[in-house]
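My notes follow in the order I made them.

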Amino acid sequence: LVVLGIETSCDDTAAAVVRSNGEILSQVVSSQADLLVQYGGVAPKMAEEAHSKVIDQVVQEALDKANLSESDLSAVAVTIGPGLSLCLRVGVQKARKLAGTYALPIVGVHHMEAHALVARLVQGELQFPFLVLLISGGHNLLILARDLGNYVQLGTTIDDAIGEAYDKTAKWLGLDLRKSGGPAVEDLAREGDANSIKFKVPMKQHKDCNFSYAGLKTQVRLAVESGSINPEIPVSSASSEDRKERANIAASFQRVAVLHLEEKCERAIEWASKIEPSIKHLVVSGGVASNQYVRARLNQIVEKNCLQLVCPPPKLCTDNGVMVAWTGIEHFRMGRFDPPPPTNEPEDAVLDLRPRWPLGEEYTEGRSEAR
Ligand code: ATP
Ligand code: FE
């Protein structure tokens, strides 16, 4: 099988061609980072326009790099949710047009399932069941993946995701936002003292697997406001004391943000082992999983519990087309796909988009058990 994957759920336009043996034939990402800096966040209309402008080119480049034409494909996979519906629509329309023209089956993909399953492409021998921590800009999920399409949600965020906290911290510290905020905070944190500011670890008293990052965000903002740094001045031109102070905030934030992950992962390992005693792996994926400090700390937790950490390479942790193509392959192999759409589908046809789409059932028994 050879599958084309298309991803437009948020601010990256991505496409990739992947073979069912796990071989990545091509991988193209067009990022809207410049737009984000200009407008200070993802503005749906603006993002939609940016996707529309590059989608044809991104898909064509993915096919060219793979040295394939459309008719060589076995299927087209496309993210149908969760995400911004205006943005999802661009990818889904492109996928359906292509699938219609070349009579290809089409697989609708869950963006967060794709973040998780790409781990099985990276590590071919990774078998269900396994535990997954998904950490990105919009999600903070602990999932027990029991089988393909069978997921139990052990925990989620009650407000913000960790990636959002990284992005705001970067903004408040006056870091260069041309790449995303996370890597900028990670870099600066290396120069700081992680114990210099005692931020409070969120949700200590909650004996569950849920997350909360809104309070930590506020703590960081207050630390910036009450300090002597001037975030109007970019960190690159700040004095050495000013830079040191920013680095201390970055490092202290990162320590506590990740401590929160560690505590909840330990509990999730306990819960998951009760449901599926045979689990051997913790998969960590989503943009924040490309952070080296996050990986190192989670690796300790995992080793302590005699599990193995599976973390895709950074390029496959942030949004990409490979994960969508791969998830398409996994479902296609099980016969889960839609027939080719009609060739003359009208532009305004009602599409199956799922902007809000939970990944699996919420686990409640464990919560009462754990109390
Ligand atoms: P979602 O997957 O929830 O829809 P998204 O698709 O926008 O959100 P991803 O591309 O998966 O998110 O991840 C982007 C997030 O990851 C951003 O918040 C970014 O700051 C964060 N991130 C990327 N690299 C790092 C890093 N090295 N350290 C911390 N955070 C990072
Ligand atoms: Fe994502």
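**Entry 1: the sheet with β1 to β5.** I count two strands as paired if DSSP finds at least two bridges between them. I also keep in mind that this is a predicted model. On that basis I looked up the sheet order. I found 5 strands in an open sheet, ordered β3-β2-β1-β4-β5, with mixed pairing. At the edges I noted β3 (24-31) and β5, each of which pairs on one side only. The twist averages 20° from one strand to the next.

**Entry 2: strand β4.** I went through β4 (residues 75-81) next. How many of its residues are buried? I got 7 of 7, so I wrote it down as mostly covered, a residue being buried if 20 or more other C-beta atoms lie within 10 Å of its own. Then I checked its partners. Strand β1 (residues 2-7) pairs with β4 in the parallel sense, over 4 bridges. Within that pair, G5 is opposite A77. Strand β5 (residues 106-110) is also parallel to β4, with 5 bridges. There I found T79 opposite V109. I106 in β5 is the bridge partner of V76. I then followed the chain from β4 through helix α3 (residues 85-101) to β5, a right-handed β-α-β crossover.

**Entry 3: helices on this sheet.** I looked up what helix α2 (residues 44-66) lies across. The answer is β1, β2 (12-19) and β3, and α2 runs at about 20° to β2. Helix α3 packs on the sheet too, touching β1, β4 and β5. The direction of α3 makes about 160° with that of β4.

**Entry 4: L73.** I located L73 in the loop between α2 and β4. Is L73 buried or exposed? It counts as buried because it has 21 C-beta neighbours inside 10 Å. I listed its contacts, leaving out residues up to four places away in sequence: V2, V3, L4, L68, Y102 and L104. For L104 I also took the C-alpha separation from L73, which is 7.5 Å. The two are 31 residues apart along the chain.

**Entry 5: the core.** I asked which residues have the most contacts inside the largest nonpolar core. They are A62, V76, V78, I143, L154 and A325, in a core of 114 residues. Helix α8 (residues 240-275) supplies the largest share, 14 residues. I followed up V76. Beyond four places in sequence, V76 touches L4, I6, A95, L98, A99, L104 and I106.

**Entry 6: the sheet with β6 to β11.** Here I found an open sheet of 6 strands, again with mixed pairing. Its order is β10-β9-β6-β7-β8-β11. Why is one side of β10 (308-310) and of β11 (361-362) left without a neighbour in the sheet? Both stand at the edges with a single partner strand, so one side of each has no neighbour there. I then checked strand β6 (residues 130-135) against strand β7 (residues 140-147). They run antiparallel and are joined by 6 bridges. V132 stands opposite I143 in β7.

Definitions and conventions:
Residues numbered from 1 in each chain as written. Chains lettered and ligands numbered in written order. Predicted model: local features only at pLDDT ≥ 70, side-chain atom pairs only at ≥ 80, totals over all residues. Buried ≥ 20, exposed ≤ 12 C-beta atoms within 10 Å, placed from the backbone. Helix = DSSP H or I, 4+ residues; strand = E, 2+ residues; numbered from the N terminus. Right-handed = clockwise from strand over helix to strand, strands pointing away. Axes fitted to C-alpha atoms, helices over the stretch in contact; angles between N-to-C directions. Contact = placed C-beta atoms within 7 Å. Core = buried A, V, L, I, M, F, W, Y, C linked by C-beta atoms within 7 Å.
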